[in-house]
Amino acid sequence: MAKVRTYFLLELELNDLKYKSVNRFANAAFVCGGVPCADYRTHLDTCVPFENVFFTTRGNLSLGGFGYQNDKGISFIGEHYPFMTTFQGLMDDFRVVARPFVLKLFDVFNGKECLKNDESSYKLVDINKFRQCERKCKRNTSCQGYELNKANTTCYHFNKYPSVVQSNEETTRCVLKVTTLE
Amino acid sequence: MNAEKDFVEGVGMLASEVIILGESCDQAMLNSGTFGAQYDAQVGNVELVESGRVDGKFAGKFAGNSRFAIFGMGPYSGGEMVSFSLWFKTNDSNNEMIMVHYGAGKVGSKDHLTVTLAKGVPVVYFRPEYQLEPDGDGTDLADGEWHQIVISMPKKSVQMAGVRMYIDGDRVKTSMRNGKSENVFFT
């Protein structure tokens, strides 16, 4: 799976990481200017950050259980979900992002055209603007791709994945709909 | 939070262990995302095993006493978008297992985002009475195979019913269990 780091807040991967001592986290959370802090709350109350700007955080994240959310005594979330159990099994490649995951993307082949040898698999679409060609294909679940020629203002929609072939016109592009995440 | 701390020359006191829900966590999973070490996870009893999903890579093996938690989640608040992606493999189709949980504050006053696997069916909890689940009865992901589940907020403060679920790369139709839906708003 490709890595996309833009806007990533957190990207924990279980793939190829090595465990380290918990000290690394503690260095950020429990020590402020070399002064030991009793706990996180004390850290916020008494310590003045002297290095990187780091604002207060709220909320806890956990895998396979409720983690700190049920440990701090502020939420007792477990009381609302007593029927839930911890996860048992394997987990891998966990990611959190502060944006949506995108399902549908288009593979764009500029200077190429979509092969039109099966007349039942494509149709000429009436469009007024170039963007409508993609927009209509995106909305039409049976549309697997489109061919757009800006010079001729033509738009073909394909209900089967077309082959991509070289075009004689540079203004032609063949675009395939791909259903993949990221 | 309980923490065992050791003195480290030139640095001060460092925690060598934290206790999460009664289990000692003396290891950390490093965050490889852009926010870095502030979001490393404290881990206990999660064994790294060869996954079989990707050759030569490892996965975390969770048991009943496993703990994997991150204390602060920073800017995830209000109606900000939060999206999860996770690969998992399990045979347990008898229980409702917690897979991912994000939350803060008291339950009911603000939303949380909890993904469970209820007898093989992924369910998203925002509050105890607000649950998003796939339509139909055909979903069973507790079959001992690798599966990917993605929970995606398409925009800020989206309606709970508008949160999208993807299973193995395909979007699945979902609906709120009791038909009610509100805008997602975290602490």
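A nonpolar core is a set of buried Ala, Val, Leu, Ile, Met, Phe, Trp, Tyr and Cys residues joined through C-beta atoms within 7 Å. The model examined here is predicted.

**Exercise 1. The cores**

Identify the residues that touch the most other members of the largest nonpolar core.

Solution. Step 1: the largest nonpolar core has 57 residues. Step 2: within this core, the most other members are touched by Met91(A), Leu86(B), Met99(B), Val124(B) and Ile151(B). Step 3: another core, of eleven residues, lies apart from the largest one, and its residues include Cys114(A), Cys137(A), Cys174(A) and Val175(A).

**Exercise 2. The make-up of chain B**

State how many helices and strands chain B has, and what share of its residues counts as buried.

Solution. Step 1: chain B contains 17 strands and zero helices. Step 2: 41% of the 187 residues of chain B count as buried. Step 3: among contacts in chain B with a separation of 6 or more, 43% come from residues 24 or more positions apart.

**Exercise 3. Strand S12 and its partners**

Describe how S12(B) pairs with S11(B) and with S13(B).

Solution. Step 1: S12 of chain B covers residues 121–127, and five of its seven residues are buried. Step 2: S11(B) and S12(B) run antiparallel and are joined by five bridges; Thr116(B) has Val123(B) in S12(B) as its bridge partner. Step 3: on pairing with S13(B), residues 130–134, S12(B) is again antiparallel, with three bridges. Here Tyr125(B) stands opposite Gln131(B), and two residues link the strands in a hairpin. Step 4: Val124(B), one of the residues named in Exercise 1, touches Leu113(B), Val115(B), Gln131(B), Leu132(B), Ile151(B), Val163(B) and Met165(B), leaving aside residues up to four places away in sequence.

**Exercise 4. The surroundings of Arg177(B)**

Is Arg177(B) buried or partly exposed, and which residues does it touch?

Solution. Step 1: Arg177(B) belongs to the segment after strand S17 (174–176) of chain B. Step 2: with 14 C-beta neighbours inside 10 Å, Arg177(B) counts as partly exposed. Step 3: leaving aside residues up to four places away in sequence, Arg177(B) touches Gln131(B) and Glu133(B). Step 4: the C-alpha atom of Arg177(B) is separated by 8.5 Å from that of Glu129(B), 48 residues apart along the chain.

**Exercise 5. Confidence in chain A**

Name stretches of chain A where the pLDDT is below 50.

Solution. Step 1: chain A has a mean pLDDT of 70, with 60% of its residues at 70 or more. Step 2: the pLDDT is below 50 over residues 1–11 of chain A, a stretch with 28 contacts in the model beyond near neighbours in sequence. Step 3: residues 14–55 of chain A also have a pLDDT below 50, with 93 such contacts. Step 4: where pLDDT is low, the predicted coordinates should not be read in detail.

Definitions and conventions: Residues are numbered from 1 along each chain as its sequence is written. Chains are lettered from A and ligands numbered from 1 in the order in which they are written. This is a predicted model: local features need pLDDT of at least 70, side-chain atom pairs count only at pLDDT 80 or more; totals for chains, interfaces and linings use all residues. Helices (H or I, at least four residues) and strands (E, at least two) are DSSP runs, numbered from the N terminus. A residue is buried if 20 or more other C-beta atoms lie within 10 Å of its own, exposed if 12 or fewer, and partly exposed in between; C-beta atoms are placed from the backbone. Two residues are in contact if their C-beta atoms, placed from the backbone, lie within 7 Å. pLDDT is the predictor's confidence in each residue, from 0 to 100. Two strands pair if DSSP finds at least two bridges between them.
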